[in-house]
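Q: I have a model open and would like to learn how to read its features one by one. Where do we begin?

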Amino acid sequence: TEAVGLYNLGLSCCLNSVLQVFLMNIRFTGILRRITVPSSPVQRKNNVPYQMLLLLEKMQCGKCKAVGPTELACCLSEHRVELFVQHDAAQLFLTLWNLLKKQMKKPELVAELSDLYTICIQEHLACQSCPFEMKSNSTMLTLPLPLLDANSQRLNNLEDCLRYFFQPEKLTGQNMCFCQQCGRKTTFQQSMKLIHLPQTLTLHLKRFCFERSSCTHKLSHSLPFPQELDFREVLTEDQCQADDSEKATWQYELFAVVAHSGSTSCGHYCAYIRSLTECKWYCFNDSEVCQVSWDDVKCTYGHSSLFWTETAYLLIYMKKHPQ
């Protein structure tokens, strides 16, 4: 029941932070404990869900303050996840999730894993010259939220980022689409509507920006985010495509923050996670784990004038009243 750290194997702070977010989620570990154990030693060695389960048991059964994720890291390297390199937490989260889904053999567990994390969106494309429109549904594991608007102006807080993400956009000029009804390229309006939100919702704050010079820079400015988030109060009716029973579950509490400090070329990750059993916040900084306050978590809002400032990169929310 005690929070346990993970030793840094060499530039593995990103992996450690993402693993802690998975393994501190009791709904995820409830799925993990029911996997089918591979039959052969070679299969067990290369099976990500099984190696993650072994790491969880190692963390829970030992009396150490920290354990080494060596076997899991070696397993991941067999699936082209490089060791001893700097990773991006958002990309590593997607990679781990896809490997978990691919290697879980029971269909019911795959379905539960999808239900736990998958967001459902409907994309609308509407011609502005005639009534023609196209609709398509798609799923996402994270909402990638821009921190700047189209004029490169800073968005004030997380709620503004969410509103901007779902704001309709006119496709003009080189971005015009071919309209089947008009028989030519016309201006279209592109918009996304929210259909379904999962029990565990992951928001990706796009702090790393590509410039025309092909260089990447980090946006370190302050972006406040709330402990409690109600999507019914954030989004308009036009930005949703869900019934009242679905919307009634769109109330969330912050569960974890994966924070990045430093620059794009030299940085460090740690995770702030609220224990679901104790309702206390902990900071997981590789092998060091300590209890922290909400004020400590708020320090990850960011600060433009500090080069090594710690900024939230992934925000993980959990439903307050899941169905």
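Q: By class, how many residues in the lining of the largest pocket are nonpolar, polar and charged?
A: Keep in mind that this is a predicted model. The lining has 14 nonpolar, six polar and five charged residues.

Q: Which residues lie nearest the centre of the largest pocket?
A: Of the 25 lining residues, Pro-146, Leu-148, Tyr-164, Glu-169 and Lys-206 lie nearest the centre. The elements that each give two or more residues to this lining are β5 (142-146), α8 (158-165), β9 (188-196), β10 (200-206) and β11 (208-210). The volume of this largest pocket is about 720 Å³.

Q: How do I read a sheet, and in what order do the four strands of the open sheet come?
A: In general, strands of a sheet pair through backbone hydrogen bonds, and the pairing is either parallel or antiparallel. Here the order is β4-β3-β9-β6, with antiparallel pairing. At the edges are β4 (133-140) and β6 (169-171), each of which pairs on one side only. From one strand to the next, the twist averages 30°.

Q: How many bridges join β6 to β9?
A: Three bridges join these antiparallel strands. Glu-169 stands opposite Gln-190 in β9. Glu-169 is also one of the residues nearest the centre of the largest pocket.

Q: Are Phe-22 and Phe-93 buried or exposed?
A: Phe-22 counts as buried because its relative accessible area is 1%. Phe-93 is buried too, at 6%. Ring pairs link Phe-22, Phe-28, Phe-93 and Tyr-117 into a cluster.

Q: What are the centre-to-centre distance and the angle between the planes for Phe-208 and Tyr-313?
A: The rings of Phe-208 and Tyr-313 lie 5.2 Å centre to centre with 70° between the planes, an edge-to-face pair. Phe-208 is in strand β11 and Tyr-313 in strand β18 (residues 310-319), 105 residues apart, and the pair links distant parts of the chain.

Q: Why does Phe-208 count as buried?
A: The cut-off for buried is under 20% relative accessible area. Phe-208 has 19% relative accessibility, so Phe-208 counts as buried. Tyr-313 is buried as well, with a relative accessible area of 3%.

Notes
Residues are numbered from 1 along each chain as its sequence is written. This is a predicted model: local features need pLDDT of at least 70, side-chain atom pairs count only at pLDDT 80 or more; totals for chains, interfaces and linings use all residues. Side-chain values use heavy atoms; hydrogens and water are left out. On a 1 Å grid over the protein atoms alone, a cavity is a set of points where a 1.4 Å probe fits but cannot get out, and a pocket is an open set with protein on both sides within 12 Å along at least five of seven lines; lining residues have an atom within 4 Å of a point. Grid points are joined across faces, edges and corners, and a volume is the space filled by probe spheres set on the points. Ala, Val, Leu, Ile, Met, Phe, Trp, Tyr, Cys and Pro count as nonpolar, Asp, Glu, Lys and Arg as charged, and the others, Gly among them, as polar. Two strands pair if DSSP finds at least two bridges between them. Axes are lines fitted to C-alpha atoms, for helices over the stretch in contact, and angles run from 0 to 180 degrees between N-to-C directions. Buried means under 20% relative accessible area, exposed over 50%, partly exposed in between (1.4 Å probe, protein chains only). Rings of Phe, Tyr and Trp (its six-membered ring) pair if their centres lie within 6.5 Å; planes under 30 degrees apart count as stacked, over 60 as edge-to-face and the rest as tilted.
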